[in-house]
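Okay, everyone, let's get going.

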Amino acid sequence: MKKLCVSFAASISFCFVALSFSLGANSQTIPSFKITLSNNKIFSAADLSKDKPLVLIYFDPDCDHCQKLMIELFKKINSFRKAQMVLVTFKPVAEVTAFEKKYDTHKYANVKDGTESTVFYL
């Protein structure tokens with residue numbers, strides 16, 4: 001059952017990725033957003049490239065399913081090198097920093113991970 005849940009979560013995520021590639025980078029607009037990165041800098045929708053597909057994943061670093069998804073995702077990270085990836089959580093910056101260390105996300109220029117915290121930015 002556990003393996004089935006992980007497979008299902010991975011399949012759903014990869015479907016979203018496939019959809020983002022099939023829609024094309026310029027055919028969709030996303031709502032404005034701002035997240036705080038681990039260095040306390042703000043990253044927003046305006047910082048996204050308009051010429052690259054976007055993979056947006058909302059996750060919880062404490063969630064078992066999310067952790068398994070990240071393990072599988074980073075095994076296949078080279079498949080996403082042409083896309084920009086934004087990983088967003090609601091947890092504090094300290095947990096984003098721990099997540100970055102665990103998965104070495106700083107190694108990937110196309111990956112941004114941050115928190116929306118409990119504050120809604122426009």
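So, which residues are linked in a network of salt bridges? They're Asp 60, Asp 62, Lys 91 and Glu 95. Keep in mind that what you're looking at is a predicted model.

Lys 91 pairs with Asp 62, with 2.5 Å from N to O. If you look at where they sit, Lys 91 is in the loop between strand E4 (84-89) and helix H3 (93-103), while Asp 62 is in the loop between strand E3 (54-58) and helix H2 (64-75), so this pair ties together parts that are 29 residues apart in sequence. Is Lys 91 buried or exposed? With a relative accessibility of 15%, Lys 91 counts as buried, because the cut-off for that is under 20%.

Glu 95 comes out as partly exposed, with 25% relative accessibility.

In total, the structure has four salt bridges. One of them is in helix H2, between Lys 75 and Glu 72. Their closest N and O atoms are 3.3 Å apart. The two are three residues apart in that helix, so about one helical turn separates them. Lys 75 is exposed, at 61%, and Glu 72 is partly exposed, at 25%.

How many residues does the largest nonpolar core have? It has 17, and the ones with the most contacts inside it are Ile 57, Phe 59, Met 70, Leu 73, Phe 74, Met 85 and Leu 87. E3, H2, E4 and H3 each put in at least two residues. H2 gives the most, with five.

I'd zoom in on Phe 59 here. Leaving aside residues up to four places away in sequence, Phe 59 touches Cys 66, Met 70, Leu 87, Val 88, Thr 89, Phe 90 and Phe 99. Met 70 and Leu 87 are also on that list of residues with the most contacts inside the core.

And there's a second, separate core. That one has eight residues, among them Ile 35, Phe 43, Ala 45 and Val 86.

That's my tour; over to you.

How values were computed. Residues numbered from 1 in each chain as written. Predicted model: local features only at pLDDT ≥ 70, side-chain atom pairs only at ≥ 80, totals over all residues. Heavy atoms only, no water. Salt bridge = Lys/Arg side-chain N within 4 Å of Asp/Glu carboxyl O. Helix = DSSP H or I, 4+ residues; strand = E, 2+ residues; numbered from the N terminus. Buried < 20%, exposed > 50% of the residue type's maximum accessible area, 1.4 Å probe, protein only. Core = buried A, V, L, I, M, F, W, Y, C linked by side-chain atoms within 4.5 Å. Contact = heavy atoms within 4.5 Å.
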